Amino acid sequence: MLPIDIFLSALANGLMTGAVYALVALGLTLVYGVLHIINFAHGATLTAAMYAVWVAHDRFGLDPYVAVFPLTVLFFALGYALQRYVIGPASHGSDSNILLVTLGLSILIENALLAGFRSDTRSIDVPYGFSVVEIGALFLSLPKVIAFAASFVVAGLLWLLMAHTDIGKAIRAVSREKTGAALSGIHVEHVYAVTFGLGAACLAIAAALLMPTFLVNPRVGNAFVLVAFTIVVLGGMGSVAGALLGGLIIGVVESLSGLYFGESLGQIGIFLIFILVLLVRPSGLFGARA
Amino acid sequence: MTEVTRRTLLKAGSATGAVLAMPAVLRAQPAPVRIGILQPVTGALAQDGEYGRLGAQIAFDEINAAGGLKALGGAKLEMVFGDARSTPEGGTQEVERMEAEKVAAIVGGFASPIVLAASQAASRYAIPYICDVGVADNIVTRGLTNTFRFGPGFGIVTSTALDNLVKLNEAAGKPAKTVVIVHEDGLFGSGMAKLLQAQLPGRGFEILETIAHPTPSRDMSNVALRIRALNPDLVIPSSYYAEFVLLARTMQQQRIRPKGIYAILNGAASNFRFVKEFPDAANLVMDCNHWADPRKPKTAEVRKLAEAGGRFWLYNTALNYSCVKLLADAIERAGSTDRAKVTEAIANSTFADHIMPYGPTKFVNGQNQGAAPVNTQVQNGDIKVIFPDAFADAKPIFPAT
């Protein structure tokens with residue numbers, strides 16, 4: 001039997017890691033909820049964002065927590081442009097085409113990163129990288145505590161945006177009834193692009209929160225995107241609150257099953273949950289019933 | 001009308017003759033010898049593959065600049081590069097392509113599963129295959145006559161590592177008694193863990209637990225937490241680069257300070273990138289691994305070339321450089337690119353012009369008998385050799401706490 005402080009450390013670590021997973025899943029669930037497609041380029045975009053954080057630190061000496069502001073704006077703009085001028089026109093509005101286009105984009109982005117940055121694993125060393133917050137016998141990594149808090153702030157802001165702004169209302173209208181929204185004067189293509197931009201902006205924030213403790217190589221996004229898919233399904237596809245709760249649950253499950261059944265089997269816990277949700281509650285925790 | 005004299009006819013004739021002879025002169029330049037270089041340069045192991053390719057390229061450039069293969073009339077070496085994409089299937093597909101491109105031999109593979117699959121595929125066409133880094137023992141115990149390994153297998157590495165560990169521990173008054181083994185759950189890490197489990201108890205160490213982890217891993221916190229709970233004297237990790245870096249950083253963060261981190265064939269502990277980027281996490285980590293021989297002048301030369309492109313100095317580069325040189329020597333002695341002759345020449349090779357700390361090669365069932373690992377320790381931002389004594393440039397610092 002493991003001591004209680006080890007259990008609590010694993011629990012806290014799972015929550016903190018899960019919060020970042022949630023942030024990665026937020027963008028995915030948003031795009032799914034509005035455009036009704038799975039964005040296969042999500043992982044590659046995360047990788048690109050992580051490289052952007054690395055470049056900001058390595059070349060311009062910017063701390064990730066400072067770089068997060070310009071990068072969020074930059075990635076919003078990139079996401080917007082990508083949907084508006086590449087994915088939208090290339091897919092001709094057909095869902096299956098969008099899937100293929102995003103898949104193609106992910107391959108393109110990954111290989112462009114490979115060509116530009118080579119295959120080396122890169123990380124950044126920030127002065128607080130090894131700082132810990134001591135709570136009793138628990139040593140919580142400071143960057144992870146920050147990531148945990150920031151994920152809640154971002155999810156809250158996103159919820160506010162969706163609930164109380166014109167663009168939020170437009171996004172919700174388009175996600176419910178595209179044609180009706182278009183008839184009432186909402187520019188659907190613009191709303192699609194804004195949604196995609198928000199998804200990419202979430203990834204920029206996730207990247208900035210990850211980099212002080214993690215590393216980047218041209219394929220690193222893939223390690224997160226499968227988990228993000230699971231969270232999206234668990235939370236209820238398209239639900240912001242669901243993504244946050246789903247992320248935390250998956251983080252804890254992964255951490256505790258890793259602790260008790262071994263790291264290699266820890267991943268199984270995630271997929272067991274995935275299958276269970278599909279069997280018991282296919283619409284997810286916060287999903288509308290079909 | 002101009003009169004055609006005998007003289008002008010002769011002149012014209014000899015000029016025509018000279019023109020006709022031109023292609024013959026061109027033909028005299030021997031066809032390049034195509035060598036397959038197989039490395040994973042995309043996927044999880046891409047970083048290692050890149051450093052392997054770099055070593056092969058340095059050897060190609062050196063041989064070609066020195067006039068190519070003398071026995072083949074100065075034929076140049078031409079690299080047919082294959083990206084194994086970090087998977088055995090990727091490696092096998094590239095071997096098929098290399099066969100279509102008529103390579104004389106193949107060098108590389110890096111990871112054991114890739115080498116196992118690729119050398120098996122190469123054996124169907126009797127292509128001589130030289131494994132660069134892969135350490136799984138069955139690479140050379142399957143009875144494939146085309147497969148050779150220049151470096152040590154993990155049987156040799158583990159027993160050397162354990163011999164040195166015992167020496168280290170005894171010299172310090174036996175402070176270490178308990179061990180936690182951490183390993184990646186692939187062929188390399190699992191095989192290594194099995195060997196350690198079999199051999200450590202006999203050498204006076206108690207194994208508290210063996211922890212496996214997948215590659216890639218997003219987080220090594222759980223592994224670190226288990227280590228903290230078990231509080232071992234020694235941690236023995238065998239992982240690829242990214243996972244060990246995460247583990248070492250997390251251990252530092254969780255203030256886990258065992259008496260020693262004694263890595264075996266670790267992807268990061270003998271990597272200058274890790275040492276430069278995380279000097280505190282890397283300090284005093286020991287590793288038993290492939291390492292170029294610092295006494296040989298050629299080592300410094302190759303290292304300089306490798307580092308010229310902003311790269312770090314890794315054993316992959318040294319091993320691939322040496323393997324290509326070994327192959328080129330075999331082709332020289334075979335005097336031909338005939339695969340059977342090249343295979344025979346490698347099997348009988350006594351090649352010594354390499355940069356590893358081995359003597360002349362001597363292959364028994366494809367395994368180079370003189371191949372041996374060395375022990376290194378990160379000391380004050382540098383990687384020092386602590387064993388074997390013959391060329392150690394530092395005394396081990398143990399226990400670390």
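B:Cys131 is buried, at a relative accessible area of 0%, and A:Cys202 is likewise buried, at 3%; buried here stands for under 20% relative accessible area with a 1.4 Å probe, protein chains only. B:Cys131 takes part in no disulfide, as the nearest cysteine sulfur, from B:Cys323, lies 7.3 Å away. Over all chains the disulfide count is zero, the criterion being a pair of cysteine sulfur atoms within 2.5 Å.

The model is a predicted one, in which local features need pLDDT of at least 70 and side-chain atom pairs pLDDT 80 or more, while totals for chains, interfaces and linings use all residues. Residues are numbered from 1 along each chain as its sequence is written, chains are lettered from A in the order in which they are written, and side-chain values use heavy atoms, without hydrogens and water.

Turning to the interface, chain A contributes 45 residues and chain B 36 residues to the contact (heavy atoms within 4.5 Å). Together the two chains bury about 3400 Å², with 49% of it on carbon and sulfur atoms; this buried area is the accessible area (1.4 Å probe) lost on being put together, summed over both parts. On the side of chain A, the most area is lost by A:Phe130, A:Phe139 and A:Glu263, which together make up 21% of what that side buries.

Three salt bridges are counted between chain A and chain B, each a side-chain nitrogen of Lys or Arg within 4 Å of a carboxyl oxygen of Asp or Glu. One links A:Glu134 with B:Arg255, at 3.0 Å from N to O.

Terms used:
Buried means under 20% relative accessible area, exposed over 50%, partly exposed in between (1.4 Å probe, protein chains only).
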